[in-house]
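Reader: Could you walk me through how to read the packing in a structure? I would like the general idea each time, and then the case in hand.

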Amino acid sequence: MTRRLWPWLRTLGGLAIPAVLLWHMGSGALLDGLRRIDAGTLLAAVGIGVLTTVCSAWRWCLVARGLGLRLPLGQAVADYYRALFLNAALPGGVLGDVHRAVRHGRCAGDVGSGVRAVVLERAAGQLVLLVGGAVVLAVQPSPVRAAVVRTLTGPTAGWVLAALVAGGAAAVLLGRAGRRRAGAGDRGGGGWRAAVAEAGRAVAGRARWPGVVGASAVVLVGYVATFVLAARVAGVRAPAADLVPLVVLALLAMALPLNVGGWGPREGVAAWAFGAAGLGAAQGLATAVVYGVLVLAASLPGAGVLLARWGAGLRSAGDGPRGAAGGVRRGGVLVGAGDGRRR
């Protein structure tokens with residue numbers, strides 16, 4: 001029963017946060033920010049999105065190869081774009097990642113390893129974001145620093161811990177789902193010690209960790225740049241250095257599972273952080289909403305990938321199970337009945 005209720009509670013919670021903020025602060029600043037989005041802004045967001053998506057896909061390739069899975073960069077970029085679009089368009093913010101994990105695992109013949117590759121790839125990105133955020137908050141003077149310390153040490157610390165536990169539980173459940181799909185042949189069946197050792201080989205190997213960390217750092221810079229662009233569009237004129245700590249907090253909030261396509265905690269934390277920094281909670285909400293629109297625009301190539309593959313699937317189904325020469329379709333490939341050659 002709890003499993004059935006959780007998706008609905010998560011969706012309602014994600015929708016409730018922006019709704020309460022709009023009811024409390026009004027929609028004036030938000031609408032002004034949305035009206036300022038022009039073609040140049042959208043093109044800039046798409047350009048940044050190309051850089052971050054290619055780097056994210058390369059990170060995925062490195063981790064997958066560390067698990068012994070073949071993943072060409074071109075395929076990874078297309079699959080990552082599609083996952084980004086599904087993440088932005090569907091509740092939860094992770095369904096696209098689940099889809100690319102299972103699809104790649106099936107293509108590679110090892111669903112469990114395919115799922116673990118995506119979990120580790122995303123975890124590596126979140127770890128770099130967490131470390132980078134901690135460094136920024138420690139080094140860069142900001143009014144939100146004291147507020148963050150109070151939040152982590154005050155009465156609300158329990159809620160923060162619960163949110164982090166929920167995020168970790170979601171990753172664990174995703175990994176278990178992959179192991180159930182893989183069955184007895186799953187290489188990760190040796191327990192937690194084997195799983196940790198495998199994660200170390202896949203991510204922290206000498207040949208891979210520089211690429212994983214470097215790609216994650218570029219992705220983080222791209223996300224921050226998109227958020228600063230959104231702040232400028234929303235009318236925030238504070239120096240970029242002052243905005244970076246606020247942006248990092250909003251990006252960290254997006255990792256919480258209580259969201260609808262990324263919307264929800266991001267808007268709440270942005271409103272709180274901008275308000276604590278003296279820039280106005282309404283400006284923080286407007287910036288977060290504009291950022292969401294820009295991210296959706298940057299993910300639109302994924303819709304093209306989705307439509308192209310859907311059309312290819314329809315054409316393949318329309319050809320029927322047999323070709324003109326009596327061939328049989330196996331996995332979408334026409335194999336001749338007489339000689340077994342692919343055509």
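Reader: Where does Ser-56 lie?

Author: Ser-56 lies in helix H3, residues 39-66; helices here are DSSP runs of H or I with at least four residues, numbered from the N terminus. This is a predicted model, in which local features need pLDDT of at least 70 and side-chain atom pairs count only at pLDDT 80 or more, while totals for chains, interfaces and linings use all residues. Residues are numbered from 1 along each chain as its sequence is written, and side-chain values use heavy atoms, with hydrogens and water left out.

Reader: Is Ser-56 buried or exposed?

Author: Buried means under 20% relative accessible area, exposed over 50%, and partly exposed in between, with a 1.4 Å probe and protein chains only. Ser-56 has 2% relative accessibility, so this residue counts as buried.

Reader: Which residues is Ser-56 in contact with?

Author: Contact means heavy atoms within 4.5 Å. Apart from neighbours within four places in sequence, Ser-56 is in contact with Tyr-80, Glu-121 and Val-219.

Reader: How many aromatic pairs does a search of the whole structure find?

Author: In general, a pair of aromatic rings is described by the distance of the centres and the angle of the planes. Rings of Phe, Tyr and Trp (its six-membered ring) pair if their centres lie within 6.5 Å; planes under 30 degrees apart count as stacked, over 60 as edge-to-face and the rest as tilted. The search finds two pairs here. For Trp-60 and Tyr-80 the ring centres are 6.2 Å apart and the planes are at 65 degrees, so this pair is edge-to-face. Trp-60 belongs to helix H3 and Tyr-80 to helix H4 (residues 73-89), so the pair ties together parts 20 residues apart in sequence. Trp-60 is buried, at 0% relative accessibility, and Tyr-80 is buried too, at 4%.

Reader: And what about Phe-227 and Tyr-291?

Author: Their ring centres are 4.2 Å apart and their planes are at 15 degrees, so the pair is stacked. Phe-227 is in helix H10 and Tyr-291 in helix H13, so parts 64 residues apart in sequence are tied together. Phe-227 counts as buried at 0% relative accessibility, as does Tyr-291 at 2%.

Reader: Which rings does the charged end of Arg-100 sit over?

Author: A charge sits over a ring if NZ of Lys or CZ of Arg is within 6 Å of the ring centre and within 35 degrees of the ring normal. The charged end of Arg-100 sits over the ring of Trp-60, 4.6 Å from its centre, and over the ring of Tyr-80, 4.1 Å from its centre.

Terms used
Helix = DSSP H or I, 4+ residues; strand = E, 2+ residues; numbered from the N terminus.
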